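Here's a quick briefing to read with the viewer open.

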Amino acid sequence: MPELPEVETIVRGLRKTILGKRIKEVKFLCPGIVKQSSVSFICQTVGQKVKDIKRRGKNIVICLSQDNAILVHLGMSGHLLYLCPDRKVDKHDHIIFRFLGDVKELRYNDPRKFGKMRFVDLKTCPDLDKLGPEPMEISEKEFVDLMRKRKGRVKSVLLNQKVLAGIGNIYADEVLFEAGINPLKKIDQINTVKLRGLRKSIGKILAKAMRTGGSSIRTYTDLSRKMGRFQLSHKVYGREGKPCKRCGVKIKRIVINQRSSYFCPRCQKP
DNA sequence: AGTTCCCTGAGG
DNA sequence: CCTCAGGGAACT
């Protein structure tokens, strides 16, 4: 479900709601989202104060002390909701956090259970260390050098979290349209000028998506169930058969890595 | 670098 | 009934 802009929106929401609060209670309604044992997770988190909340790729990092944090990855269908405890518990509410002196609580809801949560030591955290650089922070030279080390289709490269962290299926398609690059194009067939343009497109699309609260296609909402608005600006994603907003030609859908890919056959020639 | 599978719900 | 869905780990 959530890519970089959606996760960033959630992180900003968490800063406004739980930053500085002390964890009073953690309830597990469904084990399995947390990979370690429920008991040890509770021992390590209850009583700790939320010192900071950050994002790394598509991960939410809830920092509890200098070196410890709760890592949350929302998978395809994970949500965090900040609501009153009297709200009826949903079938897919799996974990509930309560904070000292807080009238509301934080719930992790995830129908497909692809999401993961874990208590980690930030000094040696493979989940974060294996990720590539943040796409909004990489310099032009670093970006071109990074792409030059890769082969295969440009879309597969953009989706690979070890190369760049945070881009998923929606934003890969929107970025490639913005850059005028066909998703099937081999990365080593793209010249340097075009690669610089690709980096610029990544920055532009992700920045606008963050400004507008991310994309709500089916289920994504922020902490208070508010929808994003970037889906209104999608040029290609989910628009098979509809006219290209730039040239009018019908948007095509193909499958790459078992995922739908949308592009304009005229604006993004092979 | 490219498949297979994890899991549940929505929509045709 | 079938196919599809903002992800990614573990295989080949």
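A residue counts as buried when its relative accessible area is under 20%. Phe 97 comes in at 5% relative accessibility, so it's buried by that cut-off. Keep in mind that this is a predicted model. Phe 97 is also part of a cluster, joined by ring pairs to Phe 28 and Phe 41, and that's a handy place to start.

**The aromatic cluster**

- Four aromatic pairs turn up in the structure.
- One of them is Phe 28 with Phe 41: the ring centres sit 5.7 Å apart and the planes meet at 75°, so this one is edge-to-face.
- That pair links distant parts of the chain, since Phe 28 belongs to strand β1 (residues 23-28) and Phe 41 to helix α2 (residues 38-45), 13 residues apart.
- Phe 41 has a relative accessible area of 0%, so with the cut-off at 20% it is buried.
- Phe 41 also pairs with Phe 97, again edge-to-face, at 6.4 Å centre to centre and with 65° between the planes.
- Because Phe 41 is in helix α2 and Phe 97 in strand β6 (residues 93-99), this second contact ties together parts that are 56 residues apart in sequence.
- Put together, the ring pairs make a cluster of Phe 28, Phe 41 and Phe 97.

**Who surrounds DNA strand C**

- DNA strand C has 25 residues around it, and the closest are Met 1, Arg 218, Tyr 237, Arg 259 and Ser 260.
- Sorted by type, the residues of this surface come out as nine nonpolar, nine polar and seven charged.
- Two elements, α6 (169-179) and β10 (259-263), each give two or more residues to the surface near DNA strand C.
- Of these, β10 supplies the largest share, with three residues.

**Sugar-phosphate, bases and backbone contacts**

- Look at the atoms of DNA strand C within 4 Å of the protein: 54% belong to sugar or phosphate, and the rest to bases.
- On the base side, a polar backbone atom of Tyr 220 is 2.7 Å from a base oxygen of DNA strand C.
- Thr 219 has a backbone N or O atom 3.1 Å from a base oxygen of DNA strand C.

Note on methods
Residues are numbered from 1 along each chain as its sequence is written. Chains are lettered from A and ligands numbered from 1 in the order in which they are written. This is a predicted model: local features need pLDDT of at least 70, side-chain atom pairs count only at pLDDT 80 or more; totals for chains, interfaces and linings use all residues. Side-chain values use heavy atoms; hydrogens and water are left out. Rings of Phe, Tyr and Trp (its six-membered ring) pair if their centres lie within 6.5 Å; planes under 30 degrees apart count as stacked, over 60 as edge-to-face and the rest as tilted. Helices (H or I, at least four residues) and strands (E, at least two) are DSSP runs, numbered from the N terminus. Buried means under 20% relative accessible area, exposed over 50%, partly exposed in between (1.4 Å probe, protein chains only). A residue is near a molecule or strand if one of its heavy atoms lies within 4 Å of it. A polar contact is a pair of N or O atoms within 3.5 Å; within protein, one must be able to donate a hydrogen and the other to accept it, and residues adjacent in sequence count only if both atoms are side-chain atoms. Ala, Val, Leu, Ile, Met, Phe, Trp, Tyr, Cys and Pro count as nonpolar, Asp, Glu, Lys and Arg as charged, and the others, Gly among them, as polar.
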